Every structure is written in C-alpha cells, then in structure tokens.
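Here is a briefing on a two-chain model.

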Number of protein chains: 2
Amino acid sequence: MNVHALPRPKPKTIANVRARLAERLGARVTVSQAVLDQHSHGEGLPAVGMPDLVVFPETNEEVAFVLALCNEHRVPVTPFGAGSSLEGQLAALAGGVSLDMTRFDEILEVSPDSLDCRVQAGVTREALNAHIRDTGLFFPVDPGANASIGGMASTRASGTNAVRYGTMRENVLGLTVVTPDGRIVRTGSRARKTSAGLDLTHLYVGSEGTLGVITEIQLKLYGVPESTVAAVCQFASLEGAVAAVVMALQSNLKMARIELLDEVQMRAAIRYSKLDYEETPTLFLEFQGSPNGVREDVETMQAITADHGGGAFQFAERPEDRTRLWKARHNSYQAVRALAPGKANMGTDACVPISALPACLLETKADIVASGLTAPIVGHVGDGNFHLGILFDPSDADETERAEALAFRTARRAIAMGGTCSGEHGVGLHKIVHMQTEHGEGVDLMKAVKNALDPNGIMNPGKLYP
Amino acid sequence: MNVHALPRPKPKTIANVRARLAERLGARVTVSQAVLDQHSHGEGLPAVGMPDLVVFPETNEEVAFVLALCNEHRVPVTPFGAGSSLEGQLAALAGGVSLDMTRFDEILEVSPDSLDCRVQAGVTREALNAHIRDTGLFFPVDPGANASIGGMASTRASGTNAVRYGTMRENVLGLTVVTPDGRIVRTGSRARKTSAGLDLTHLYVGSEGTLGVITEIQLKLYGVPESTVAAVCQFASLEGAVAAVVMALQSNLKMARIELLDEVQMRAAIRYSKLDYEETPTLFLEFQGSPNGVREDVETMQAITADHGGGAFQFAERPEDRTRLWKARHNSYQAVRALAPGKANMGTDACVPISALPACLLETKADIVASGLTAPIVGHVGDGNFHLGILFDPSDADETERAEALAFRTARRAIAMGGTCSGEHGVGLHKIVHMQTEHGEGVDLMKAVKNALDPNGIMNPGKLYP
C-alpha cells in the first residue's frame, strides 16, 4: 500500500500543545516510545503512522479541551479505541495526537424496560454483554475482535448476527460527539424512531473519526431468545453452499446467523480451534425464537440444504458447544494467520446484493486459485458480505503486490455487481482507492460535509476521503 | 402558527427563469392559479405559501436543469410529491418553483432474488405494492396517506408496520439525488450493508427537500408472510392497554402491528368506517409468521392482554376483514375530521422510549381533558409513537391558540421524557420551534451541513432549521 507521507506539525507546535495538555491531564499525556508504537497502527495492515503524543482523556470535557486545543494549533487528532480496526484507520499519518478512548469504560445506563443502554465509547462489546447478562438482554453486533463500541460505531461495524439484528447503523439510537472545535453535542434521542431533522447520528456512524470524536453511544438491546439452536452443515461444493443460502433468504426464513467458510477456511479453523469437521465448504447456522418456531425453521433449512448437496446437520446443542463453535468462527483471522506463521493476513471485505452473491463468490474463488495465493473465504453471507484472508509475506515485494492486486480486484468486482468495497470494515487508508469508483460525485458531497464539520481538517487526516 | 413571510424573488427574475424553463419543458411549466393553489400547502395545517411557478420534470436531467437554473438565479425550489405531508413542508414560503415530482412514476426495477427494487420518487406506496403483488413480495412502510415514496424518504416516514419492519430509515438502501447546483448523484448501493464512507443516503432521508431533490429510491422488499392474523382487543382503561403493549414489547413478542386507539378515536373510527366495536381504548394487533409461530404469539399476547384488563380477541380472519380493519386505521385522520365537520385537525406526532410511554400517554390524556378540546389519541405504540388529532376552528383565534398550546406541550413532554417532537411526520414549519430544545448544539451542525450542500439556500427555505 502506498502511504503518502503527510505534513506533520512543527516540533515547536507539538511541544507547546504537549505542555498545555500536560497542565490539565498530567501523566495522561505520554510520549513513551512503547505507547507511541502501540498507537501507530491497527490490525492487519502494515500502515503505520507514528503519533507525536498519546492522550488518555476521561471525560467529555477533557476530549473537548484536547480537540479545541489541537484545532487552534492545527494538530491532527486520531481517535483510538481497542486498536482492532483493519483498514489502517488508526495510523497517525500526519502525526499529532492519538486520542486513546479506553478510559471511557463506563456503562452509563441500562434500561431493561426500554430495551436500550448508554455506554461510553471505550466499553468493549464483550464487557457490555458481561455487564447485562443478568438482565436477560444482550447486544448482538459482534465483529470478530473484542472491539470498543465507539470504534464499532465509527466504522459502522457488524458481524455474524447482522442478518437478523442489523449492523451498528440499525442499533445506534443516539450519540454524544465532540466536534473539532470542542463542542459537546448529543445526537438522536432515546425514541426508537424520529423524523426531527437531519440524521446526525447516522452521519457520525461510519465517519471513522473524521468528523469528531464519538464519546457516548445509546444502543438498542434485545431479549435473549427463548430457544437457540446452532448447526453445522457441510457441502461438497461452494456453489451448493451459496445456492442454499440464497434460497433460504428468498424463502423468508429468519435466521440469526448464516456463515460460510470455504474449504481453506475450514482447514484453518479445524487446526486452530481443534474442530471435528471435514475440510469442505461449510455453513455455520443459528436459529432463534420459540421452541416450535426454531423447530420449523430448522426443518425448512434442512430441506433447502439437502436440495443443494448439503450433508446432515451437526447440531451444537449445549450452550458451551455453541460458544465453542462461534468462538472458532470469531477466531478466523487468527486461524488464517496460523496457517502460515510469519505471513501477514490481508483481510478484504466485500458485500453484494444477494442475487449477485453466487457469481461474485465463484469468480472470486477462481481468481484466488489463479493468483497462486492462499486466501480462505469466510463470510456473513446472509448479508451478501464476505472476506478473504489473503496470506502474504510483507518482505516479498512480488507476493505483496499480488496480494494487493487480488484484494483490489475483489473490491472492484463487488462494486461492479452493485455492491460495495466494504461491508463492515470501513475505508480507512486501504479502501480510499475505491471511493471514487463506488461513489462518483458522492465523494464531493462527502468532502463538503467533512469540510463543513472539520474546517481545519484535524480529524484523522489522510483517511476515508480520496 | 406564525408564518414569517420570507423575501421572494423579484418578478423580473421569475419571468426570466420561467422563460428559460419553458424553452426546455414547454407546457410542463405553469402559472395556472388552480395549480399554484394546489401546490401552496400540504395536508393538515393552514400553512400556505404560494409558489410563483409549478414545474413538472420527467427526468433526472430535467431536475438538474431546473435546480441549476434556480440556483444560478437564487430562486427557491420546494419539492412536491403526493401533497400529503402534515407539518407544512410543502408551503412555498419564499415563492419560487414548486417542483412537482408526480411524473416520476416509473418502477425502474424489481429484483425478487435480491428482495429489493428501485423506483422513481413519484411512485406511491400503493402503486408499488399493486405492481409487485404477483411476486409474493411487499413494501411494508405505510403512512396513512397514499404518499409518494420520494416524499416518504424525505420525511423519514413510517406507519403501522414499523415495529417489525422499521421506518424509511431502515428500508432505503440508496438514492439518486440532484444537488442544488444540478449534479446527479447516486448514494448507497444495492448491498444490504456498507461501511464505505459517509452515509449520504441517511443524510438525505429525512432532510425534507432542504439539501436537494430525491429522484430515485432503492428499497428493501419483504416476502409476504406465510400466515397473518389480525385481532382487536378492547380495554376498560387506557392504562391497561398501554401496560399490555409495554409488556408485549418487553416479552420479546414479535408483532407486525400494535396500534392504540383511545375511546375518542374509536368513536371516530366506528362512525366513519362503520365498525362494530365498543367506544373504549382499543388495540389493533397483527401477527405474522409461520402458522405455528403465529399461534404461539397470539396465545402469549392473549395472556398478556387478559392480565391488563383486555377483553377477548376479536379476530379479523379473512383477508377482506383485515383490509377493512387496517383501512379504518389508516383513515383515522379523515375519521377525526368527520367528528366535527368544519373544524380542522391538527395532527401531532410524538415518540418516546417505551418505558416512558405509559406516563407520557396518561399525562397527555389528562392535558387534553383539561384543555377542553376534542383530541383523539392514535398511535403506533409499539414504537412509542403516538398522535393527537386536535380538532379546532381555524377562524376561532382562542380555540386555535389552545390547540397550538396543547400540541406544543405534547411535543415538549415527549422531548423531556427522552423522546422526540416528531416520530414520523418531520419538522416542516410546524416543529421548528422544538428543534433547539430537542437538539441543542446539534442544530448548528445541521445548519453547517445544510450550508455546505445548499450554499445559496434555495432548497425549501424556511423549513426544518430554526
């Protein structure tokens, strides 16, 4: 990936800002090299940009103070959550301040009566679900990593449950954001729906820290379903597995999860998570509802999969078996890396209309084979969303180039089929090259909004906008 | 309502623009007084603003031509669909062009495989559903009026099905918009989810024609459920009916519709639609799913309603009975007007978190009684959304003031309870007075976005922004 070096603030400016920050935040401003290193990148990509300072705010007012000061001195600010984003969002390309939000770790309110909660941005999805376990509620959005809720909102994340529960777009009711000039603004409300004015909430969801900093999030919660059944169904061919998914979606079958793993991803998962399955294209399924409803749905899906060459369902009946199954699914990124120690894993993220999914997946599979690279396919195929984990040796220029080219073609194929270059990882640095192709003049509108809300361009420079 | 007169374009400017428009659009530019009258207002409110011209474009390029020309000459443009909006959105407060989109009446594409379609903005929801009936699919969002899909997107409309299928926010995948300077821009994609950049789609959804003109809409469709059961359950008290709704929502019970009508609204509906029910607080319910699933849901809801003083379910079994029931619900606006011929019906539109719904409804009911006005309550209470139809004589200044005051207090009560002044009707002219209270500094961010995307302020001036 070409990382264009952006102009950095002058050392004198940084020294001045650092001194002002330290006056208010004390030891929560640091230039320790280990901390700077840790805040120079996310997961998955070699994109690195070293911040000049890392700051650990604890209140909305402190975030406002940091931003207003940086805005005054034109010092870039890159918000940082759990550090798990995959497209280079966290690299401080123009130096400046990495704003570490992990101390925003408070769950501010949980309302079982209204099925919602309000959390600070640094709360992780696992911490939230552990906290609310006794209420009989859960928060469904589950990217593989134990990401922060603020980071998930910023990248419009989703995961395995989105086919039933939606993505962060559908599950964020409102936000507290801090603008680059230091205003603390609440967007949305606790109402389930509203048509009172421009939808600022969904403007900030997915804006990847380029418009301001998300500090608090109002989220929908859901009752834990009465009955849950997970099953694994293995296929002789990728075609059969995909065709079964398309048929299930078109049959109005409500499933909570429909995950596809190709035979290479299955090999990785079997080895890494010690699963007892065949190395063939496989669907991981989950059904939720009333006991009768689940039984009906399972039977319908068994008929559909059998029609498309699927084997007998292997049920994960006990909660611990289900947990093990979904943990294996969530660990696919690590499992792929373990296939070839020393190699890096370039994760792609394409999403197409359901009707285009079979052609898109099969063309992509043929492309992988032709490339000579190892690149397992795994996907939230119920949404038309899939990933490749392209293994490559970053020190091998030729292999790196082939990996980049394969990722590039995968994104362009999805766009050409009416889809998007990113279903859930965001744009960051790595997908900027596709923005013009996907959005055309929409890019100019995005830039106009960016310039209106961050006129000095201090928020996460070098990301998202071409 | 105070309608501030806004400065209008000079007659010479209008004459010039009219001549340029007529060169390209011929007789589809009109100054006929009857047409101007018809385009000077929506439903429900006395807000009137006479346009200077009404224009009937037929293509995106014609819309772009009209907008670019008006932008050049600083002539206001107010988009106009079915004319059914309720908060004064359609009044041409500063004169100029009323852009009538009814000739955008083509259904461009229906994909049963991907469960989506693309329609032009002037297609009405009933026309769309009639068109796709044979595919086994339907589009669920159903405001009472037979509104245009473009208007519904512009006001972020919803209706009786939103508790299950969401509002326009959840059901619009992408748009074609024309910007004030005449660019034709496609937002979103056909993918079910995307995290590729700022969410322009949801910035335009709900923007009420203030950022540009929506000309095409990509919509989600749904399979007609296998089984549908509608039922009516009558209660001795409003408290009991609302408590049953809250309990149903908290019990994870998936219903397609949960509509509340108080005893006054029931009197109106019984008279207008010749229904055979009691004049008591009533729930109209609809259950959808597999036959077994529906049976289970009905039984659970029967137990819940019985616990809260609800009577036996009166089922509308046959499709024609269901149609009659929901038609009566959809006609509630007309039914209320028929209660007092000659009076106007001021529709309010508040939405609160579910936990606040009982207190909000009961306080509002007490407020209505104290006001001495007739104001039936009807609501999509599954979303926490409800309306009053406040009957008043517009020629009676005192009664008009009391009606406005009741509407004002209803909106402020909802905001104070964590809700919104508008669940689904939008802001228009009538709710501007609440924007600062509900959004605080968020209003400044909305204005910044507005100024960035419509720098000359030609789009629907005097609406939405305080």
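The contact between the chains takes 80 residues from chain A and 80 residues from chain B, where contact means heavy atoms within 4.5 Å. This is a predicted model: local features need pLDDT of at least 70, side-chain atom pairs count only at pLDDT 80 or more, and totals for chains, interfaces and linings use all residues. Residues are numbered from 1 along each chain as its sequence is written, chains are lettered from A and ligands numbered from 1 in the order written, and side-chain values use heavy atoms, with hydrogens and water left out.

**Interface**

- About 6200 Å² is buried between chain A and chain B, and 56% of it is on carbon and sulfur atoms. Buried area is the accessible area (1.4 Å probe) that two parts lose on being put together, summed over both.
- Six salt bridges are counted between chain A and chain B. A salt bridge is a side-chain nitrogen of Lys or Arg within 4 Å of a carboxyl oxygen of Asp or Glu.
- Lys193(A) and Asp383(B) form a salt bridge through their side chains, at 3.0 Å from N to O.
- Among the elements that give two or more residues to the side of chain A that touches chain B are α9 (238-250), α11 (291-307) and α17 (442-453) of chain A. Helices (H or I, at least four residues) and strands (E, at least two) are DSSP runs, numbered from the N terminus.
- α17(A) gives the most to this side, with eight residues.

**Strands in chain A**

- An open sheet of four strands has the order β1-β2-β4-β3, with mixed pairing. Two strands pair if DSSP finds at least two bridges between them.
- Its edge strands, β1 (29-30) and β3 (77-80), each pair on one side only.
- β1(A) runs antiparallel to β2 (residues 53-55), joined by two bridges. Val29(A) has Val55(A) as its bridge partner in β2(A).
- β5 (residues 107-111) and β6 (residues 116-120) of chain A pair in the antiparallel sense over four bridges. Val110(A) is opposite Cys117(A) in β6(A).
- Four residues separate β5(A) and β6(A) in a hairpin, and Leu115(A) in the turn has a positive phi of about 55 degrees.

**Salt bridges overall**

- The whole structure holds 53 salt bridges over all chains.
- One of them joins Lys365(A) to Asp262(A), with the closest N and O atoms 2.8 Å apart. Lys365(A) lies in α14 (residues 357-371) and Asp262(A) in the loop between β13 (257-261) and α10 (263-273), so the pair ties together parts that are 103 residues apart in sequence.
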